[in-house]
Amino acid sequence: MVEFKAVIADTKNGKAYNTMVTGQHANRLLGMSIGDEFDGLFVSLPGYKLMITGGSDKDGFPMRGDLPGQTRKRIMLSGGTGFHPVTDGQRRRKFVRGNKVSADIVQLNIKVTSFGPRPIEEQLKQEETK
């Protein structure tokens, strides 16, 4: 069974919220790419529109938006996600994960693009008490 830890960034107040996505809702996210928008119902936020901004796999390797596919690859990086150079022109070969959500992904980074009728805090607290 697929299970994700979703880190939801609220763009209004700058806070981030953690929630677990399991079952059929997690299965619906499989195959989506970085930059895809989806309904907030999948992460217990009905009425919201959310966008995938990144994530990391079971071994901690980050997803990279410009690398197609679901696999982990070792590529030459000069900056961006997965490598932050110390000096100008520095490059390094690093492992990163492709931009598609697969069963190996453990954490998904998500941001809110369209807000729903009720605040996020209220909806997620209600979900925890169930």
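Student: Leaving out residues up to four places away in sequence, which residues does L67 touch?
Tutor: This is a predicted model, in which local features need pLDDT of at least 70 and side-chain atom pairs count only at pLDDT 80 or more, whereas totals for chains, interfaces and linings use all residues. Residues are numbered from 1 along each chain as its sequence is written, and side-chain values use heavy atoms, without hydrogens and water. With contact taken as heavy atoms within 4.5 Å, the residues that L67 touches are K73, I75, V96, R97, G98 and N99.

Student: Is L67 buried or exposed?
Tutor: L67 sits in the loop between β4 and β5, strands being DSSP runs of E of at least two residues and helices runs of H or I of at least four, numbered from the N terminus. A residue is buried under 20% relative accessible area, exposed over 50% and partly exposed in between, with a 1.4 Å probe and protein chains only. Because its relative accessible area is 9%, L67 is buried.

Student: How far apart are the C-alpha atoms of L67 and V96?
Tutor: V96 is among the residues that L67 touches. The two lie 29 residues apart along the chain, and the separation of their C-alpha atoms is 8.4 Å.

Student: With which side chain does the side chain of R64 make a polar contact?
Tutor: R64 belongs to the loop between β4 (49-57) and β5 (72-77), and it counts as buried because its relative accessibility is 12%. Beyond four places in sequence, R64 touches residues including I34, L77, G79 and N99. A polar contact is a pair of N or O atoms within 3.5 Å, one able to donate a hydrogen and the other to accept it, and residues adjacent in sequence count only if both atoms are side-chain atoms. At 2.9 Å, the partner of the R64 side chain is that of D66.

Student: What is the C-alpha separation of P62 and S102?
Tutor: P62 is also placed in the loop between β4 and β5, and at 23% relative accessibility it counts as partly exposed. Its contacts beyond four places in sequence include G55, T81 and F95. P62 and S102 are 40 residues apart along the chain, with a C-alpha separation of 13 Å.

Student: Which residues does L45 contact, leaving aside neighbours within four places in sequence?
Tutor: L45 is among the core members that touch the most others. Its contacts are I8, G40, L50, I120, Q123 and L124.

Student: How is the order of elements written from the N terminus on?
Tutor: The protein has two helices and seven strands, and 35% of its 130 residues count as buried. Among contacts between residues at least 6 apart in sequence, 57% join residues at least 24 apart. The order of the elements is β-β-α-β-β-β-β-β-α.

Definitions and conventions. A nonpolar core is a set of buried Ala, Val, Leu, Ile, Met, Phe, Trp, Tyr and Cys residues joined through side-chain atoms within 4.5 Å.
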